[in-house]
Amino acid sequence: MNDTQREPWLIRSDLDFLNHGSFGATPRCVIENQRHWQNLLEEDPIEFLAPERSLLPKLDFVRETVAKEINASSRDVVFVRNATEGVNAVVRSLPLRAGDEILVTNHGYNACINAVSQAANIAGAAVTTANIPFPIQSPDEVVRAIERRISPKTTWMLIDHVTSPTGIVLPVAQLIELAHSNNIRVMVDGAHAPGMLPLNLNELKPDYYTANHHKWWCGPKVSGFLYVDEESQDEVLPSIISHGANMEGYGPSKFQSQFNWPGTFDPSPLLALPTAIDFLAGLHPADGPNRLAGLLRHNHELAVEGRRVILNELKLAEPAPESMLGSLATIPVPAWTNHTSVQIQAVRTALRTEYRFELPVFRFDATNVCLRISAQTYNSLDQYERLADAVTKLS
Ligand SMILES: Cc1ncc(COP(=O)(O)O)c(C=O)c1O
C-alpha cells in the first residue's frame with residue numbers, strides 16, 4: 001500500500017489489511033461526515049430525530065441513493081442494521097407450514113443459516129442443504145447442485161450473491177429463474193455485493209434481497225438495506241416492532257413505516273452513505289450509467305492478480321474460475337488440510353503478529369483449510385506477494 005492510496009483511509013500503516021470483506025473499512029471523509037450528522041443530531045435532538053420533523057426526508061434521500069445504485073424502486077427498499085437483520089426479518093415473517101422445505105447451500109453464512117433453521121424449527125419445516133463443490137469449475141455446478149435438492153415441498157430458498165467462506169459469485173440470475181420456475185420464493189443474501197458487483201434488481205427480480213452498506217460501499221458501521229418485492233411487502237415485518245405498526249407518519253407505506261423507526265436509533269451511518277458512494281466513484285471515475293464501474297473493475301483485477309501471485313508461489317491450481325470472482329478470493333492451502341483448530345489458530349496468530357497481515361484463515365470443510373484475500377483500493381499487489389512468502393514459510 002503506498003501513501004497516496006492509504007491516506008484517505010484510517011487503516012493502520014503497520015498492518016497489511018487484506019480483510020475488507022469481513023467488516024469493510026471506512027474512509028476518513030465518510031467518518032467525518034458521520035460525525036457531522038451526529039453533531040447536528042445532538043445540537044437539536046428532537047428536530048433531527050422526530051420522524052415527523054426532519055428525519056424522514058433525510059432517510060428518503062438515502063433510500064433514493066440506494067435504489068438508484070441497485071436499480072430498484074425506492075418504494076421497495078427499507079433499511080436494516082445489517083444483512084443478518086435483513087435475513088432475520090424475512091425468514092421470521094414467512095408463513096411456513098409443517099413439512100415445507102427451505103433450501104440453503106453449504107457456502108451460506110452461518111448466522112443467516114441459523115436464522116433460517118430457527119424459523120424452520122418453530123414451524124416444523126425442514127432445512128435442506130445443497131452441496132456446491134469447492135474447488136469449483138463453473139457456475140453450472142452451482143445450478144446443478146441446487147436443482148438436485150429442489151423437491152415439491154421446497155417453498156423458499158436462501159442463496160448468497162457472493163459467498164462468504166469461498167468468495168465466489170453465484171449465478172443469481174439463473175438461480176432466481178430456477179426458483180421461480182419451481183414456484184419457490186427466493187431471498188438473495190447480497191451482503192458483499194454492493195460496491196463489488198453491478199446490481200440491477202429490476203432485472204434480477206428476486207423476492208427479497210438484503211445487503212450491507214458497511215462492506216464494499218464503505219459506509220460507516222452499522223447499516224444495510226432490505227429489498228422486498230411489492231407482492232411480499234405486507235407479509236414482511238421488521239425484527240423490531242415499533243410505532244410504525246399502528247401509527248401514521250412514519251413513512252409513505254405500511255412497509256416503510258414499520259422499518260423506518262426501530263426505536264430511538266443513530267441514523268448517522270445511513271446518512272453518511274451517499275458520501276461514501278461519492279468517494280468511491282471519485283477514485284476510479286467511470287463513464288456510463290454505473291458510476292462505480294471503474295472501482296469494481298480495479299478491485300476485481302487486483303483480487304485476480306493477488307490470487308494468481310499466491311497460487312503461483314504455492315504451485316496450486318485455481319480453486320474457482322476468475323470469472324466467478326468479484327473482489328474476494330479464497331485459496332485452500334493443501335499443507336494445512338490436516339491442521340487441528342489449534343494449528344489453524346497458530347497460523348492466524350503468526351500471520352498477524354509475526355508478519356502483520358490481517359486476513360481470515362479457516363476450515364471450510366473436511367478437506368479445505370483456506371485463506372481468503374480481499375482487494376480494495378487501498379491494497380496493492382506487493383501485499384499479496386509478501387503474503388505468498390509468509391504462507392510458504394507457514395506451510
Ligand atoms: C454472505 C454474508 N451474509 C451475511 C453476512 C453478515 O453480515 P453482517 O454481520 O453485517 O450482518 C456476511 C458477513 O460477512 C456475509 O458474508
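**Loops, sheet and ligand**

Q: In which loop is the place of Val 222?
A: The elements on either side of Val 222 are strands, and both strands (E, at least two residues) and helices (H or I, at least four residues) are DSSP runs numbered from the N terminus. Val 222 itself is placed in the loop between β7 (208–212) and β8.

Q: What is omega of the cis peptide bond that joins Lys 221 and Val 222?
A: This is a predicted model, in which local features need pLDDT of at least 70 and side-chain atom pairs count only at pLDDT 80 or more, while totals for chains, interfaces and linings use all residues. Residues are numbered from 1 along each chain as its sequence is written, and side-chain values use heavy atoms, with hydrogens and water left out. For the cis bond from Lys 221 to Val 222, omega is about 20°.

Q: Which two residues does the cis peptide bond with omega of about -5° join?
A: The loop between β4 and α8 holds Pro 135. With omega of about -5°, the cis bond joins this proline to another residue, and the pair is Phe 134 and Pro 135.

Q: Which strands are the edge strands of the open sheet?
A: Seven strands form this open sheet in the order β2-β8-β7-β6-β5-β3-β4, with mixed pairing, where two strands pair if DSSP finds at least two bridges between them. An edge strand pairs on one side only, and here the edges are β2 (77–80) and β4 (126–130).

Q: What is the bridge partner of Glu 101 in β5?
A: Strand β3 (residues 101–105) and strand β5 (residues 154–160) run parallel and are joined by three bridges. In β5, Glu 101 has as its partner Thr 154.

Q: At what angle does α5 run to β2?
A: Axes are lines fitted to C-alpha atoms, for helices over the stretch in contact, and angles between N-to-C directions run from 0 to 180 degrees. Helix α5 lies across both β2 and β8 (224–228), and its angle to β2 is about 110°.

Q: How many nonpolar residues are in the contact of α5 with α13?
A: Helix α5 (residues 51–70) packs against helix α13 (residues 273–283) at about 35°, with their axes 9 Å apart. Contact means heavy atoms within 4.5 Å, and the residues that make it include Phe 61 and Val 62 of α5 and Leu 273 of α13. Ala, Val, Leu, Ile, Met, Phe, Trp, Tyr, Cys and Pro count as nonpolar, Asp, Glu, Lys and Arg as charged, and the others, Gly among them, as polar. Besides one polar and one charged residue, the nonpolar residues of this contact number six.

Q: How far is an oxygen atom of the ligand from an N or O atom in the side chain of Thr 84?
A: The ligand is surrounded by 14 residues, a residue being near if one of its heavy atoms lies within 4 Å. A polar contact is a pair of N or O atoms within 3.5 Å; within protein, one must be able to donate a hydrogen and the other to accept it, and residues adjacent in sequence count only if both atoms are side-chain atoms. A polar side-chain atom of His 214 lies 3.0 Å from a ligand oxygen, whereas for the side chain of Thr 84 the distance is 2.6 Å.

Q: Which residue's backbone oxygen does the side chain of Lys 254 reach?
A: Lys 254 is in helix α11 (residues 254–260). Leaving aside residues up to four places away in sequence, Lys 254 touches Gly 244 and Ala 245. At 3.1 Å, the Lys 254 side chain reaches the backbone oxygen of Ala 245.
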